Amino acid sequence: MKGHFYKKYCKCPKNRKCTCGAKWYFAIDIGIDPKTGKRKQLRRGGFDTKKDAELAAAEAIKEIADGTFVKESDITFKDFSRQWLEMYEASGKVKISSVRVRRHELKRLMDYFANLRIRDITLKRYQNALLDLKRRGYSKNTIEGAHRTGRMIFKKAVELGIIKKDPTEFAVVPREQKTVEELESRKEIPKYLERDQLLRFLETAKTHGLENDYVMFLTLAYTGMRIGELSALKWSDIDFDEHTISITKTLHNPAYNAKKYQLLTPKTQSSVRIIDVDEYVLNELKKLRMHQNEIRMKHRDIYHDENFVFAKNYNKAFLGYPENSKMILLRMRRLLRLAGLDESLSPHSLRHTHTSLLAEAGATLEEIMDRLGHRDDETTRNVYLHITKKRKKEVSQKFAELMRNP
């Protein structure tokens, strides 16, 4: 295979030893261009010594012979990331919210790599970027998010033959080593309502709630579904004969504009599920459906008839449109205030409440995970362990008593 080695920018006279510090380059033939019929050459440089250039050339020649050679692109990280984001969005497999998250996380990496050629980003350079994000005070979650997006970008670059090696493969997110005191004092149990508090909240919703408040919060409390799943619920999802509700979608409406909602697939694959529902809840839902039918028939010319369970029925401009998360949160805070409960609680707190009461009733962690649509969730696990701590102590005491008795 033909080729040669040279110092591209050497300023020294040809008959003298180089003292200007110019780098070594190599040029080797790698085949024939099918379009022009002319030979194609691979040129690379930046080597400190001729031997380094010769070793790099030998490696490239071997890769060509083995069929593993990849001619790395000169495209910048910024340009390839833009292309990747377009491919990611066009895949049809991701939510709009996920695209927004990726775009946001990408900004952290742009601070370091935007105008660099993607092939010049090494493991060391990438790892230093993660370390610097930590030095700049970014949280572990933010750095993990940036790293997650970075891994997706470089993996795709390898798949497309843009680069040979993925610099993120062995990179690690820097973590702080917690002291024993910090670990012992750490509390990661989310806020939730105790049984008597939940009863007080629901009674307040029943007696002082706005229209649909009681049945809406009753459904959240008794099923543990996510607020987006509740908003997306349609009457066709409820099987009154089998006493079940099917979770197959979630509502996306970041601008909280009633008419600009979107129905998306659930958060994860395990989120698609069928929930068994108590008859009392179903009876309340039947009452809601009868009332809703009256409104729909009365305003059939303007009603947004898409079969939503928790549809707006108090504003003629938005009749039939699904309730959004912001409105549900405001309604809940009003009820919490009237009930004399913690106003910082949110509709998601009812999901944690559902977890705690299921654990208290003796449900296993696996049963709770399945009902909530989790494959594995640390928060749910922490709530479960917190609730069952007393039960574990009782088991230990029973064992000790058994050993003491003859």
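# Close-up views of a predicted model

The model holds 23 salt bridges, a salt bridge being a side-chain nitrogen of Lys or Arg within 4 Å of a carboxyl oxygen of Asp or Glu. This is a predicted model, in which local features need pLDDT of at least 70, side-chain atom pairs count only at pLDDT 80 or more, and totals for chains, interfaces and linings use all residues. Residues are numbered from 1 along each chain as its sequence is written, and side-chain values use heavy atoms, with hydrogens and water left out.

**View 1. D48 and K23 form a salt bridge.** Their closest N and O atoms are 2.3 Å apart. The pair links distant parts of the chain, 25 residues apart. D48 sits in the loop between β3 (39-47) and α1 (50-66). K23 sits in the loop between β1 (3-7) and β2 (24-32). Helices (H or I, at least four residues) and strands (E, at least two) are DSSP runs, numbered from the N terminus. D48 is exposed, at 52% relative accessibility. K23 is partly exposed, at 37%. Here buried means under 20% relative accessible area, exposed means over 50%, and partly exposed lies in between (1.4 Å probe, protein chains only).

**View 2. D111 and R136 form a salt bridge.** The closest N and O atoms are 3.4 Å apart. D111 belongs to helix α3 (residues 96-113). R136 lies in the loop between α4 (123-135) and α5 (140-159). These distant parts of the chain are 25 residues apart. D111 is partly exposed, at 44%, and R136 is partly exposed, at 41%.

**View 3. R175 forms a salt bridge with E144.** Here the closest N and O atoms are 3.3 Å apart. R175 lies in the loop between α5 and α6 (180-185) and E144 in helix α5, so the pair ties together parts that are 31 residues apart in sequence. R175 is exposed, with a relative accessible area of 55%.

**View 4. Salt bridges link four residues in a network.** The members are D74, R117, R119 and D120.

**View 5. W84 and Y88 form one of 13 aromatic pairs.** Rings of Phe, Tyr and Trp (its six-membered ring) pair if their centres lie within 6.5 Å; planes under 30 degrees apart count as stacked, over 60 as edge-to-face and the rest as tilted. The W84 and Y88 ring centres are 5.1 Å apart and the planes stand at 25°, so this pair is stacked. Both residues lie in helix α2 (residues 77-90), four residues apart, about one turn of the helix. W84 and Y88 are both buried.

View 6. Y261 lies in the loop between β6 (250-252) and β7 (262-264). F308 lies in the loop between α10 (279-298) and α11 (325-339). The two parts are 47 residues apart in sequence. Y261 and F308 are both buried. The charged end of K234 sits over the F308 ring, 5.0 Å from its centre. A charge sits over a ring if NZ of Lys or CZ of Arg is within 6 Å of the ring centre and within 35 degrees of the ring normal.

**View 7. Ring pairs build a cluster.** F77, Y112, F113, Y126 and F154 are linked in this way.

**View 8. Three strands form an open sheet.** The order is β4-β5-β8, with antiparallel pairing. Two strands pair if DSSP finds at least two bridges between them. Four bridges join β5 (residues 244-247) to β8. T244 stands opposite D276 in β8.
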